[in-house]
Amino acid sequence: MSDQTPQQPGPADPANPDFDAMTRDIADVPAVEVITTVAVHLMSSAAVNLGLAEEGSEHKDLDEARKLIQALAGLVTASATEIGSYHAAPLRDGLKSLQLAFREASLVPDEPGQGPGEKFTGPVYG
């Protein structure tokens with residue numbers, strides 16, 4: 001008989017993540033949820049870089065915002081038929097709002113059709 005008590009599994013060790021468990025977890029997430037989550041992250045980051053967050057002028061970076069809006073437009077356009085209009089419509093609305101905010105924030109606005117993401121969405125007008 002041993003004097004040692006069996007060890008119970010402790011909290012997850014961040015230095016040794018359980019990749020098998022993480023893989024199983026992500027496999028259970030529907031594609032529409034992954035796509036919309038990524039889109040929301042892109043929108044949030046673009047909004048911050050447009051200076052739309054609290055203390056916005058500290059974080060304003062239109063070059064970064066342009067890249068994020070471009071990526072968002074590509075994702076939304078490419079995935080719209082896959083995720084359906086129920087999910088795509090609000091993403092399109094958010095994208096258009098960001099495109100308009102970008103145009104408004106720019107000292108020299110792009111010509112219609114030349115703004116971030118407009119090669120995917122077409123020209124955006126206020």
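Author: Of the 126 residues of the protein, 29% count as buried. The model is a predicted one, and its secondary structure comes to 5 helices and 0 strands. Along the sequence this reads as the pattern α-α-α-α-α. Among contacts between residues at least 6 apart in sequence, 57% join residues at least 24 apart.

The salt bridges may be taken next. A search of the whole structure finds 4 of them.

One of the salt bridges joins Lys67 to Asp63, with 3.4 Å between the closest N and O atoms. Both residues belong to helix H4, which covers residues 62-105; because they are 4 residues apart in this helix, about one helical turn separates them. Lys67 has a relative accessible area of 49% and is therefore partly exposed, the limit for exposed being over 50%. Asp63 also counts as partly exposed, at 45% relative accessibility.

Lys67 has a further partner in Glu64, and here too the closest N and O atoms are 3.4 Å apart. Glu64 and Lys67 lie 3 residues apart in helix H4, about one turn of the helix. The relative accessible area of Glu64 is 33%, so this residue is partly exposed.

Another salt bridge brings together the side chains of Asp110 and Arg66, with an N to O distance of 2.8 Å. This pair links distant parts of the chain: Arg66 is in helix H4, whereas Asp110 is in the loop between H4 and helix H5 (118-121), and the two are 44 residues apart. Asp110 is partly exposed, with a relative accessible area of 22%; the limit for buried is under 20%, so Asp110 does not count as buried. Arg66 is likewise partly exposed, its relative accessible area being 29%. As for shared partners, salt bridges join Asp63, Glu64 and Lys67 into one network.

Helix H4 also packs against another helix. The axes of H4 and helix H2 (residues 31-49) come within 8 Å and cross at roughly 150 degrees. Angles over 145 degrees count as roughly antiparallel, and H2 and H4 are therefore roughly antiparallel to each other. Their crossing is left-handed. The residues of the contact between H2 and H4 divide into 20 nonpolar, 6 polar and 1 charged.

Within helix H2, Asn49 deserves a separate word. Asn49 has a relative accessible area of 13% and is therefore buried. Leaving aside residues up to four places away in sequence, Asn49 touches His59, Lys60, Asp61, Leu62, Glu64, Ala65 and Leu68. Among these neighbours is Glu64, which also forms the salt bridge with Lys67 described above.

To draw the parts together, helix H4 holds both Glu64 and Lys67, and Arg66 of H4 pairs with Asp110 in the loop between H4 and H5. Helix H4 also meets H2 in a left-handed crossing.

Note on methods
Residues are numbered from 1 along each chain as its sequence is written. This is a predicted model: local features need pLDDT of at least 70, side-chain atom pairs count only at pLDDT 80 or more; totals for chains, interfaces and linings use all residues. Side-chain values use heavy atoms; hydrogens and water are left out. Buried means under 20% relative accessible area, exposed over 50%, partly exposed in between (1.4 Å probe, protein chains only). Axes are lines fitted to C-alpha atoms, for helices over the stretch in contact, and angles run from 0 to 180 degrees between N-to-C directions. Angles under 35 degrees count as roughly parallel, over 145 as roughly antiparallel, 65 to 115 as roughly perpendicular and the rest as oblique. A crossing is left-handed if the near helix is turned anticlockwise from the far one by less than a right angle, and right-handed if clockwise. Ala, Val, Leu, Ile, Met, Phe, Trp, Tyr, Cys and Pro count as nonpolar, Asp, Glu, Lys and Arg as charged, and the others, Gly among them, as polar. Contact means heavy atoms within 4.5 Å.
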